[in-house]
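Here is a friendly tour of two spots in a predicted model. Have a look at the structure first, and then read on.

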Amino acid sequence: MAQVSMTVNGKAVSGEIDPRTLLVQYLRETLRLTGTHVGCDTSQCGACVVHLDGEAVKSCTVLALQCEGAHVLTIEGLANGSELHPMQAAFREHHGLQCGFCTPGMIMTAVDMVQRLGNELADKTIREELEGNLCRCTGYHNIVKSIAAGARDMAAAPMKQAAE
Amino acid sequence: MAANGTGIGARVPRLEDKRFITGRGRYTDDINRDGQLHASFLRSPHPHARIRSVDVAAAKAAPGVEAVYTGRDIRKFVPTSDDLTEEDVGGLICGWMIHSKDGSPMKAGAHPALAKDTVRYVGDHVAVVIAATLRQAQDAAELIAVDYEVLPAVVDTARAREPGQPEVHAGIANNTVYEWEIGNKAETEAAFARAAHVTRIDLTNNRLVPNPMEPRVAIGEFDPGEDSFTLHTTSQNPHVARLILSAFVGIAPEHKLRVVAPDVGGGFGSKIFVYAEEVVCLWAARRLKRPVKWTSDRSEAFLCDAHGRDHVTRAELATDADHRILGLRVHTTANLGAYLSTFASSVPTYLYATLLSGQYAIPAIHAEVDAVYTNTAPVDAYRGAGRPEATFVVERLMEVAARELGLDPVAFRRKNFVTTFPHQTPVIMNYDAGDYDAAMRKALELADQGGFPDRKRESQAKGRLRGLGYSAYIEACGIAPSQAVGSLGAGVGLWESAEVRVNPTGNIEVLTGSHSHGQGHETTFAQLVSERLGVPIDTVKIVHGDTDKVQFGMGTYGSRSGAVGMSAISKALEKIVAKGKKVAAHVREASESDLEFTDGKFQVAGTDKALGFAEMALQAYVAHKFNGSELEPGLKEGAFWDPTNFTFPAGVHVCEVEIDPETGVTTVARFTAVDDFGNVINPMIVEGQVHGGIAQGVGQAMLEGARYDESGQLVTASFMDYAMPRAGDLPHLEVGMTVTACPSNPLGMKGCGEAGAIAAPPAVINAITDALGHEDIAMPATPAAVWKAARRARLPMAAE
């Protein structure tokens, strides 16, 4: 067993873990933050995307021990209290989700996309940037629409950086 | 529209979304039970082998391990005792009996939850390890030593029936499940004898892996005080699972088995079926008196979830000198895999060949279907289930026939469209309503067909090929009239059930046997209630997915939740209004016949006396104004709905592709869908269903294919090797609708869940073949395949 401590959604957490524990397993099984999902075992689907020190990562491909001292933001920490993050609101407004399983990863990827590429995202850019996120329900059409709208809304309503 | 824009036809944002966008969804794997153990399955690495022995000693001794079970252990319990009998727990069943042409019943090979002496596909279930943690269970499973006698395997659909092939199930000759036929052979032969032209095509409908993003999960629990079981599982139809697990597997009597399917992350058919892991987790929970949880990883999902499609077909179309269709002749070999999955037998028969008339008036049809066993994963319903296969046959034939005859493919289709309703086809179905030409007109307009020649010239100037392809599909949804499916071999009725509970405070719970795993029922079903009762939508809660809460249900598949599930709700709502009138009549001291229910109010005709819906609900429970002998207190009504016919959604999809002949890279430049789903409750949600279906259809046509190598190994068993459609593979989708109301249900709905997956594949392939100028390409039309085909088109002598 090994000791790990990190900040998750603004809260300090620490504990003993099996050294092979993946970040996604630590989030889901130990912290019971089950909004981050596991959809594959080859780092392809993106259902497990979280932000690690402000950058999107696939939490199935990071050992929890590698996050020692890091700040982790999951889908549960994205909203500002009861006020949805503009990207969350845009997914609902534009029907960017159906079964909801890929959605947390999609939203975390989308927020990262805006942080890197700005608020005016061309559809083609969004589609290319979604290479690492699979959705089986929506045909991506409304996800692309949601992200373009959410990106603009993020400019219009700059949220205080969610608890990180 | 009633109730503040939240009734029928409104684009209401989904009520269920809040939990999904905030990470508060509750999927089965998010659930953990006190004292829970974890299961890991040891699966066969061989496609076909005899199990000589299984040594579990080392696994049993590994850290954290509570138990290791093999197929010899999974036996029935002595009633009211923890001892085991000598009798095995029942195997997994196939619930639809198909009879061969000679009258003999289909040959169903035994399907034990854990293999006893033979494994029949890579991934077949050999043993299960149950341990304190998942990692301990996985580690221990690697310590099990199995001595296999490897046997020859058969994987090829077309060759499975050939003499000399290995037998998948000993004693089932030529690996043949059934040899089935439909239609009129003599009339069809006569039609071909007098044909002016015959078009003949050979097709493979590629095998697919459904791949909902949420892998399957099962948590079995046993309560020794009550002798009762609970199964949390990723199911599209928890009541059907309960029925099968109790009546056939015999795990528990129906009243002592609760099945809960909470949020489910997509299904597409693959979560209709009862799987071995559910049986084993329930059985082990009883044996160990601890909850037992199993979560599939993606590799297991590829190996063991039921696959879809996998047909090899020869089809012929006979036309007369005036280009009218005289007859259709089809022979299909359908691969059902190593075992018959829950509804496998119905897919290539009654869900397939009954749709071979397409949108066309075809006087004579004869179809033969031979279903085969192979050493591959079971094959069952996947989005569309039989209807995509039928549409691919019909719409490829129509396109190729038009090209052979030098006709405009649109004009050829139009000439043969069914134009009067009802229309009886030669293959059972009675089309009740439609306007196929209206959809075609709208599709051509939205697709800007007129601008295609200019776009083709622009492509040519860049050295690219451009093609346009059509698909005029029909499907039979709203499965199904119980009487009809019963006469065709279904083991169950396919009605739906609903209960409407109005609480004293006036808010409403609707309990439905339909199950939402992405379709948005919590919104659309609430819209119906809002419309009918004139109440705000946020006073309505839709309850589904729990056999302890919802009285009965047949679940969600075959685009049935609107046409069948909502019709049951509609019927229950009528009873609520009728009871409400009685209550209001007592309260307002009026005659019941004078009461009208409009805009959420019970109004005494010709007076200003009225009672709001919520006030009426309170009075129904207060019951001070009436005594129990003349009117029962309370406001709760149930209904079962059994339709009188299937529904027949239909439409036209148009695909435009651009091909780079130097690389074979094919871009879907435009995709247009015009569908007639009858009346629509929430257009936003319906469009979303169409988008998703198209993505799966384009995936089948251009990207996806499950491949077993000759030895029987699945070589496309991860997202690294199986090409799922990604955002960059798909274009903006142009979606339109036409409406003819369905006459066989009170809402006029037809169903929208499968249309895209049904219509898109032939539209894409027709576009690619139009661009290439020849018909020689199979699905999936990958860049490598298109590059070869483009090369053949330019250098006919240099084929391959």
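## A helix pair and a domain contact

In chain B, helix α8 (residues 387-405) and helix α9 (residues 409-416) have axes that come within 9 Å and cross at roughly 115°. Axes here are lines fitted to C-alpha atoms, for helices over the stretch in contact, with angles running from 0 to 180 degrees between N-to-C directions. Helices are DSSP runs (H or I, at least four residues) and strands likewise (E, at least two), numbered from the N terminus.

Which residues of the two helices meet? B:M398, B:E399, B:A401 and B:A402 of α8(B) meet B:P409, B:F412 and B:R413 of α9(B); contact requires C-beta atoms, placed from the backbone, to lie within 7 Å.

| Contact | Residues by class |
|---|---|
| α8(B) with α9(B) | five nonpolar, no polar, two charged residues |

Chain A is divided into domain 1 (2-76) and domain 2 (86-156), with bounds from an automatic or database domain assignment. Their C-alpha centres lie 21 Å apart. At the contact, 15 residues of domain 1 face 11 residues of domain 2. On the domain 1 side, β3(A) gives the most, with three residues.

Residues are numbered from 1 along each chain as its sequence is written, and chains are lettered from A and ligands numbered from 1 in the order in which they are written. Because the model is predicted, local features need pLDDT of at least 70 and side-chain atom pairs count only at pLDDT 80 or more, while totals for chains, interfaces and linings use all residues.

Technical notes
Ala, Val, Leu, Ile, Met, Phe, Trp, Tyr, Cys and Pro count as nonpolar, Asp, Glu, Lys and Arg as charged, and the others, Gly among them, as polar.
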